[in-house]
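Reader: I have a new model open and I'd like to learn how to read it feature by feature. Can we walk through it together?

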Amino acid sequence: MEREVVLSVRDLNVKFRMRKKALHAIRGISLDLYQGESLAIVGESGSGKSVLSKNFIGLLDKNGYVESGTIQFGGKDITHLKEKEWEQIRGGQIAMIMQDPMTSLNPLKSIGWQICEALKYHRKIVGQAAQKKAVELLTDVGITEPETRLKQYPHEFSGGMRQRVAIAIAVACNPQVLICDEPTTALDVTIQAQILNLLKSLKDRYGLTLVFITHDLGVVANIADRIAVMYAGDIVEIGTCDEIFYDPKHPYTWALLSSLPQLGTKGEKLYSIQGTPPNLYLPIRGDAFAPRNPNALAIDYLHRPPYFQVSETHKAKTWLLDSRAPKIAPPEQIQSIRSICFLGGETDGRE
Amino acid sequence: MVENKEVLLSVKDLKVAFGAKKHSFEAVRGISFDIYKGETFGLVGESGSGKTTVGRAIIRLIPVSGGEIIFNGERISGKIPRALDKKVIRNIQMIFQDPMASLNERAKVDYIVKEGLLNTEKGLSAQEYENRVQKALMDVGLLPEFAGRFPHEFSGGQRQRIGIARALIMKPSFIIADEPISALDVSIRAQVLNLLSNLQKERGLTYLFIAHDLSVMRFISDRIAVIHKGRLVEMAETEKLFQHPLHPYTQALLSAIPLPNPEAEKQKKLKIYDPACQDYSTDPPVWAEAAEGHFILANQAELKKYREVLQHAR
């Protein structure tokens, strides 16, 4: 399948200077983002998923720096751009939706003003035309009575509505890539489902390429085409949505899937990952997940596993895929994933 | 399910209003339920539905404006004697949602956990206090030496454990857990959920578990009540509720649960609850029992329909 690569990360290493010590946040990631796909990046807090995406938009914290590696976007390397150059890309070509809609909007300006600001900067649309476009955008993100809503301020909106406004601002400039950093974590389950559906329909309408960052594997089943699982600053497994859910290979992916409450049975212990993520100040030897892996192999502590190709689209960094490794079957819970169905019984909403 | 049904807490027609007179807003509009000894009772609703207000009213953080709350046979709402107030504080404890915000940043873990004891069990020796704190910390899977540290030195999951230790040290019989895991990572959620259910088994605790996520509820609750705009709309045993959700709002909540199965998720149809689908202008809804233990807010016509559905399903 020949698909155009929009963004290409090669062997990226990112470090943070912290009190004279260096924290190795991204440890050699290579990743291709294809035109029109939606890629979910999943991992625990501290796994580096947000740091990785901040590199795409030039918002790395002041004490962070790219030590080596490149990110190709639009024919150039964007790892060492100046602030002036970033202003061309950020918002216009790569846009981002933050986790908390309460803090990402300006409380002092009406939302109409905030949408028009984006239009003015990136597309030079002003005055009546901008107003018209803003109304159109609000309708697109499912806000009723857009003309009245334009004049209102963020505090007059509910959390879900605010996130819709943030999405409207993000897509206002027709970006190529839209990064969603935990866009539904602060929201209720019902609103979360609506926002996910909205993102999906916008992706088709605007031809967006989505990068979806979350810690909850449960929410990405519907929205993601491909899933990258991150652990300790590295992508340990990447594959299509079906491959990750139905045929996961890395023990960490197994652990993440097994700990979902949807897979638990009442009265029994829910699977939980033991231990804590590794200290990224210290060099990591071997497989970073080995100390928390109940069936770690001896080699896991010595050598870092390379990618083993499972299929054309699926690869994982684990020695278990080596031909000499013992056969270890994934935990039972995740073999039953296929049987999880709608939880509402027969009287559900499928009519 | 709990066999011998001894009612521990009974909420009768509870009403809570904020503000005065013209500006008053009724957040809880007359809800009733019983919680039995040893069970986990789940209260589910969206933000703004009043679920947290119910929990806070029970623990006497917010005054009630109508109805009453009965705990262990004694009324604990409204004006009560001091001695009873102390008893309530000892017996009912709360675990809060955000472990980042609910711990005093300037106090050491030792003091945070001990504070309740200092107020209710005066005159213990320093050694006894220390022993109790260390035991509480070990009960929740933390090391005793953590007592000398400050909250910022801990991760989110560990902080939530400190919050649980603080509740446990009072030896309560009833714990209100207000969204104890929604601020935590998925992998840590499992640890905290396991801890809560272990503690329940060991000590026969009763939980009121407040959350917006039904998938977690299914794992931990014996019975679930669904709250919408300050009124309960449906209450049943967990599996019954999942098998036969009757109220359209419950169905909408269930349809919103994300499924970790791409195939099922792609076929799933999201339901959105529209209150206009019910016509209550002539026939107002009442809180009635549609089948044994399965309560629902419905008018007479709907109730008839629901009873048929349940009969048919059996």
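**Reading the model**

Author: Start with burial: 46% of the 351 residues in chain A are buried, where buried means 20 or more other C-beta atoms within 10 Å of the residue's own, exposed means 12 or fewer, partly exposed lies in between, and C-beta atoms are placed from the backbone. Before going on, note that this is a predicted model, in which local features need pLDDT of at least 70 and side-chain atom pairs count only at pLDDT 80 or more, while totals for chains, interfaces and linings use all residues. Residues are numbered from 1 along each chain as its sequence is written, and chains are lettered from A and ligands numbered from 1 in the order in which they are written.

Reader: What radius of gyration does chain A have, and what would a compact globule have?

Author: The radius is taken over C-alpha atoms, and the globule rule is 2.2 Å times the number of residues to the power 0.38. For 351 residues that rule gives a value near 20 Å, and chain A, at 21 Å, agrees with it. Along the principal axes, the C-alpha atoms of chain A fill a box of roughly 70 × 55 × 45 Å.

Reader: How many helices and strands does chain A have?

Author: Helices (H or I, at least four residues) and strands (E, at least two) are DSSP runs, numbered from the N terminus. On that basis, chain A has 11 helices and 12 strands.

Reader: And how is chain A divided into domains?

Author: The bounds come from an automatic or database domain assignment. In chain A they give domain 1 (5–224) and domain 2 (229–339). The centres of these two domains of chain A, taken over C-alpha atoms, are 28 Å apart. Their contact takes 21 residues from domain 1 and 16 residues from domain 2 of chain A, with two residues in contact if their C-beta atoms, placed from the backbone, lie within 7 Å.

Reader: Which strand of chain A gives the largest share of domain 1's side?

Author: β2 (21–34) and β3 (38–42) of chain A each supply at least two residues of the side of domain 1 that touches domain 2. The largest share, nine residues, comes from β2(A). By residue type, that side of domain 1 of chain A divides into 10 nonpolar, seven polar and four charged. Here Ala, Val, Leu, Ile, Met, Phe, Trp, Tyr, Cys and Pro count as nonpolar, Asp, Glu, Lys and Arg as charged, and the others, Gly among them, as polar.

Reader: Now the chain interface: how many residues of chain A are in contact with chain B?

Author: Interface size is often given as the accessible area lost when the parts come together. Here we count residues instead: 44 of chain A are in contact with 41 of chain B. α8 (189–206), α9 (241–246) and α10 (251–258) of chain A each supply at least two residues of the side of chain A that touches chain B. α8(A) gives the largest share, five residues. That side of chain A holds 19 nonpolar, 16 polar and nine charged residues.

Reader: On to sheets. In what order do the strands of the open sheet in chain B run?

Author: Two strands pair if DSSP finds at least two bridges between them. In chain B, four strands form an open, antiparallel sheet in the order β2-β1-β4-β5. β2 (25–36) and β5 (74–75) of chain B are at the edges with a single partner strand each, so one side of each has no neighbour in the sheet. Strand β1 (residues 7–18) of chain B pairs with β2(B) over nine bridges in the antiparallel sense; one bridge partner is E26(B) in β2(B), for A17(B).

Reader: Which residues of β6 in chain B lie on each side, and are they buried or exposed?

Author: In strand β6 (residues 92–95) of chain B, I92(B) and M94(B) lie on one side and Q93(B) and I95(B) on the other, and all are buried. β6(B) pairs with strand β7 (residues 174–178) of chain B in the parallel sense over four bridges, and Q93(B) has I175(B) in β7(B) as its bridge partner.

Reader: Last, backbone angles. What is the phi of D11(A)?

Author: Most residues other than glycine have a negative phi. D11(A) has a positive one, near 45 degrees. D11(A) lies in strand β1 (residues 5–18) of chain A and counts as exposed because it has 10 C-beta neighbours inside 10 Å. N72(B), not a glycine either, has a positive phi of about 55 degrees; N72(B) sits in the loop between β4 (66–71) and β5 of chain B and is partly exposed, with 16 other C-beta atoms within 10 Å.
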